[in-house]
Amino acid sequence: MAASVCPIDSQFSDQISALLKSPSPHQVQEYFQELIAKRQYNGLRVKPEGEHGKGVWADFDFKEGDLILKDQMLVGAQHSSNKIDCLVCSFCFQFIGSIELQIGRKLYLQELGISVDNECGPSNRTECSSASLNNRSPLPQDTIKSLMNGSMHLPCSEKFPLPSVVSCPGGCKEAYYCSESCAKADWDSFHCLLCTGKGSKSSNIEALLNFIQHANETNDIFILAAKVISFTILRYRNLKVARFENLEKQDAANLCTKYGFPLLLEAWKPVSMGYKRRWWDCIALPEDVDSCDEAEFRMQIRDLAFTSLERLKEAMYDKECEPLFSLEIYGHIIGMFELNNLDLVVSSPVEDYFLYIDDLPLSEKKEAEKFSTPFLDALGNDYSICCQGTAFFPLQSCMNHSCIPNAKAFKREEDRDGQATIIALKPIPKGEEITISYIDEDLPYEERQALLEDYGFRCKCPRCSEE
Ligand SMILES: C[S@@+](CC[C@H](N)C(=O)[O-])C[C@H]1O[C@@H](n2cnc3c(N)ncnc32)[C@H](O)[C@@H]1O
């Protein structure tokens, strides 16, 4: 089978190499110093040239249990399959609406989804509804509607207030927010080129819908890659306006031809800092693929990325940013997510709500449960599903692995949005490297090493060396 050819790869090979070149130690230091100062991540330092490339060091004495870092993501997305379960802000990923809306919407979408999945027509929807299939007790449609439209109030739900839902400024029905400021930040940074509403700035909404459908059917990592490309194009356009705003149109166009690429490099800088390899080279071989079929498997992954890229190109092509639409860049962006493997997790207030009811004093609990139990029965085991997705966190992704880590990613009770939270597992003196475990460190030696192979290294931490 011949490999798909992307003409941009050969046409812009020099620019692509420049974009993929690892930043110099000086650039790394400068970028992270600025980021740490801007976000006030006190007590941390990124060293560009450690034993395992760059890493994060303590610049402060941390005690066990201390919060080391709350890292704001550069880009992130909720898994498409999780969108049925949780309505969250598309920018900061906190839950929005109300407990009633979260429950009503989930029950409504479950009913709708399963009738499509099982190819049941509207007439026999009740017989094959999700509730009956999964041992759940279905609720009448009217009850679900009253939860969603706010006319029904569940006992004690006021103890779990959520921000009101703000719609997408472009008018799509995909993105919702917790505030106008999140809506604007998402629009300006990513969403205006990815919105499928009337106000979208995408050059071809039909192609965009095609791209999204392909991602939903194959791998939603493509949505994240599209966000990175959109982010870079929008940064490029802003830099261009700032640089050339006082010039006549013709002069600006001439200068842009000459200086456009340095601006693209500058726009790409936050992404350039992430550790990357091509997706089809670094993706772990699935267990059901024989090693003699490895080459074909990797070729299939490359072809899948190519199909996705072709659709994306139709939807948001920008001549001045053409190297971004090369397969080489697309593959490296996806590989960056693969290698940094950072989960986006936000726990559900619906779970907290039912736990709260369960913990009420007996008489109050009995009273509340008269109303709440039918909803819990209708949700079944899915009542506690949290918001799940993938994100790229600039600082957490600089942290190296150890099987005896001194820190870990851990969401505390108060951490209710998509930021990554890193907590000290033991005292970390100033000058020590901060390490996390990329895998379950309780696994035996051989299993740990096998899992770490997916990240492209064998661990030689003191524990591994001893074992
Ligand atoms: C998330 S990045 C960590 C930052 C990375 N050191 C850098 O320079 O950008 C993960 C990559 O760092 C390297 N790495 C992390 N921990 C390591 C370790 N304990 N031993 C060897 N390499 C490690 C591997 O190349 C891995 O794929």
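Phe354, Ile357 and Asp358 in helix α14 meet Lys365, Ala368, Glu369, Ser372 and Leu376 in helix α15. Contact here is defined by C-beta atoms, placed from the backbone, that lie within 7 Å. Helices (H or I, at least four residues) and strands (E, at least two) are DSSP runs, numbered from the N terminus. By class, the contact of α14 with α15 has 4 nonpolar, 1 polar and 3 charged residues. In this scheme Ala, Val, Leu, Ile, Met, Phe, Trp, Tyr, Cys and Pro count as nonpolar, Asp, Glu, Lys and Arg as charged, and the others, Gly among them, as polar.

The model is predicted: local features need pLDDT of at least 70, side-chain atom pairs count only at pLDDT 80 or more, and totals for chains, interfaces and linings use all residues. Residues are numbered from 1 along each chain as its sequence is written.

Helix α14 covers residues 349-358 and helix α15 covers residues 362-379; they pack at an angle of about 145°, with their axes 9 Å apart. Axes are lines fitted to C-alpha atoms, for helices over the stretch in contact, and angles run from 0 to 180 degrees between N-to-C directions.

**The sheet**

Three strands form an open sheet in the order β4-β8-β7, with antiparallel pairing. Its edge strands, β4 (75-78) and β7 (343-346), each pair on one side only. Two strands pair if DSSP finds at least two bridges between them. Neighbouring strands of this sheet are turned by 30° against each other on average, direction ignored.

| Strand pair | Bridges | Direction |
|---|---|---|
| β4 and β8 | 4 bridges | antiparallel |
| β7 and β8 | 4 bridges | antiparallel |

Strand β8 spans residues 387-392. Gln78 has Gly389 in β8 as its bridge partner, and Asp343 stands opposite Thr390 in β8. Of the 6 residues in β8, 5 are buried. A residue is buried if 20 or more other C-beta atoms lie within 10 Å of its own, exposed if 12 or fewer, and partly exposed in between.

**Val46**

Val46 lies in strand β1, residues 44-50. Val46 counts as buried because it has 22 C-beta neighbours inside 10 Å. Leaving aside neighbours within four places in sequence, Val46 is in contact with Val28, Phe32, Lys54, Val56 and Cys398. Glu30 is 16 residues from Val46 along the chain, and their C-alpha atoms are separated by 9.6 Å.

**The whole chain**

The protein chain has 17 helices and 12 strands. Its C-alpha atoms fill a box of roughly 70 × 60 × 55 Å, taken along the principal axes. Buried residues make up 37% of the 467 residues. Among contacts between residues at least 6 apart in sequence, 73% join residues at least 24 apart.

Definitions and conventions
Contact = placed C-beta atoms within 7 Å.
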